[in-house]
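This report concerns the structure shown below.

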Amino acid sequence: MSISGKAMCAGVAGWPVAHSLSPRLHNHWLRAHGVDGAYVPLAIPREHLAEALKGLRLSGFKGVNLTIPHKEAAFSLAHKLDEAARAAGAVNLLIFREDGTLEGRNTDTEGLAESLRGAGVVLSGAPAVLLGAGGAARAAILALDSVGAGEIRILNRRADRAAILANTVAPFVKAKLKPVAWADWSAAARDTGLLVNATSAGMTGQPALDLQLDALPARAAICDLIYNPLETALLKDAKTRGHKTVDGLGMLMYQAAPSFAAFYGVTPRVTPGLRAELEQALQA
Ligand code: NDP
């Protein structure tokens with residue numbers, strides 16, 4: 001790939017940012033589509049975000065993606081927000097508009113919904129069970145609503161956070177949101193069509209999720225938002241029991257596509273080649 005003086009530039013802002021797969025992902029698409037552009041990691045400490053964004057905008061960047069810890073701060077800095085960002089209370093994409101304004105979007109919701117659809121998960125009114133009450137869980141509620149969940153049962157280690165999350169997101173969704181105590185997992189699982197893990201339990205370096213899958217009906221699909229490791233203990237157990245499984249890499253790839261389109265003006269495709277490159281990067 002050759003980068004000319006007219007190259008379109010974008011990047012991912014985080015602190016730290018070295019772990020991010022976004023540079024590999026976007027540079028794969030830049031090569032695949034022959035775009036004269038670059039996408040770089042931007043290590044920006046929390047207290048310097050506003051200043052750094054101003055500098056990037058004035059340097060001609062098209063925009064940036066945001067990762068931990070910047071998603072909520074970027075939400076506050078945006079002049080215009082899409083519906084998904086308003087519902088999530090966070091943005092993972094800031095587009096630098098020519099009039100100097102910042103347009104904030106949240107593509108995590110669309111990313112998870114596309115990943116589930118791509119895996120053939122259709123709920124048609126069936127209940128879904130969601131584990132977690134952090135930022136990822138908030139985006140997951142909107143995605144589950146969009147793939148047709150009639151009811152979303154939210155279980156969180158700290159029960160009060162599940163109730164707060166349900167109240168905050170309820171105005172944005174059609175599905176009924178029901179906080180459920182972790183101890184009532186078996187009853188919540190009995191007739192569900194989909195279980196989504198949006199906790200960080202099971203991530204590399206974290207304890208595995210403490211959950212017995214016996215209560216799930218055989219038809220239930222299981223999705224883990226974690227992609228490091230790609231096959232969590234939860235997904236391994238689910239596969240052994242014959243459940244359809246969806247890993248977190250699909251969400252990561254699909255959430256990036258609208259950002260690429262906004263930065264470079266080309267809608268990219270999620271392909272097996274892209275997945276293979278990211279899997280290789282995760283193994284390394
Ligand atoms: P947060 O830190 O905001 O939330 C963490 C959640 O995990 C909380 O609900 C917390 O419960 C729960 N939790 C942590 N440890 C345990 C445990 N041992 N048992 C049960 N629950 C636990 O994280 P995020 O919401 O930002 O991210 C959650 C996960 O989603 C991460 O693994 C992240 O990598 C993944 N993710 C994947 C994306 C993708 O594109 N695939 C995108 C975004 C996130 P409590 O409230 O009780 O502390």
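The sections below describe the domain arrangement, the interface, the aromatic pairs and the backbone of this predicted model.

## Domain arrangement

The chain is assigned two domains. Domain 1 is made up of two segments, 8-107 and 251-283, whereas domain 2 covers 121-243. Between the C-alpha centres of domain 1 and domain 2 the distance is 26 Å.

## The interface between the domains

The size of an interface is often given as the accessible area lost when the parts come together. For domain 1 and domain 2 the buried area is about 890 Å², and carbon and sulfur atoms account for 72% of that area. On the side of domain 1, the greatest losses of area to domain 2 fall on Ala 87, Met 251 and Leu 282, which together make up 50% of what that side buries. In terms of contacts, twelve residues of domain 1 meet eight residues of domain 2.

Two residue pairs are in polar contact across this interface, both at pLDDT 80 or more, while the count of salt bridges between domain 1 and domain 2 is zero. Helix H4 gives the most, with five residues. By class, that side of domain 1 holds seven nonpolar, four charged and one polar residue.

## Aromatic pairs

The model contains four aromatic pairs. One of them joins Trp 29 and Phe 260 in an edge-to-face arrangement, with 5.5 Å from centre to centre and 65° between the planes. The pair is classed as edge-to-face because planes over 60 degrees apart count as such.

Trp 29 belongs to helix H1 (residues 22-32) and Phe 260 to helix H10. The two residues are 231 residues apart, and their pairing links distant parts of the chain.

## Backbone features

Ser 124, a residue other than glycine, has a positive phi, near 45°. Its position is in the loop between helix H5 (108-118) and strand E7 (128-131).

Notes. Residues are numbered from 1 along each chain as its sequence is written. This is a predicted model: local features need pLDDT of at least 70, side-chain atom pairs count only at pLDDT 80 or more; totals for chains, interfaces and linings use all residues. Side-chain values use heavy atoms; hydrogens and water are left out. Domain bounds come from an automatic or database domain assignment. Contact means heavy atoms within 4.5 Å. Buried area is the accessible area (1.4 Å probe) that two parts lose on being put together, summed over both. A salt bridge is a side-chain nitrogen of Lys or Arg within 4 Å of a carboxyl oxygen of Asp or Glu. A polar contact is a pair of N or O atoms within 3.5 Å; within protein, one must be able to donate a hydrogen and the other to accept it, and residues adjacent in sequence count only if both atoms are side-chain atoms. Helices (H or I, at least four residues) and strands (E, at least two) are DSSP runs, numbered from the N terminus. Ala, Val, Leu, Ile, Met, Phe, Trp, Tyr, Cys and Pro count as nonpolar, Asp, Glu, Lys and Arg as charged, and the others, Gly among them, as polar. Rings of Phe, Tyr and Trp (its six-membered ring) pair if their centres lie within 6.5 Å; planes under 30 degrees apart count as stacked, over 60 as edge-to-face and the rest as tilted.
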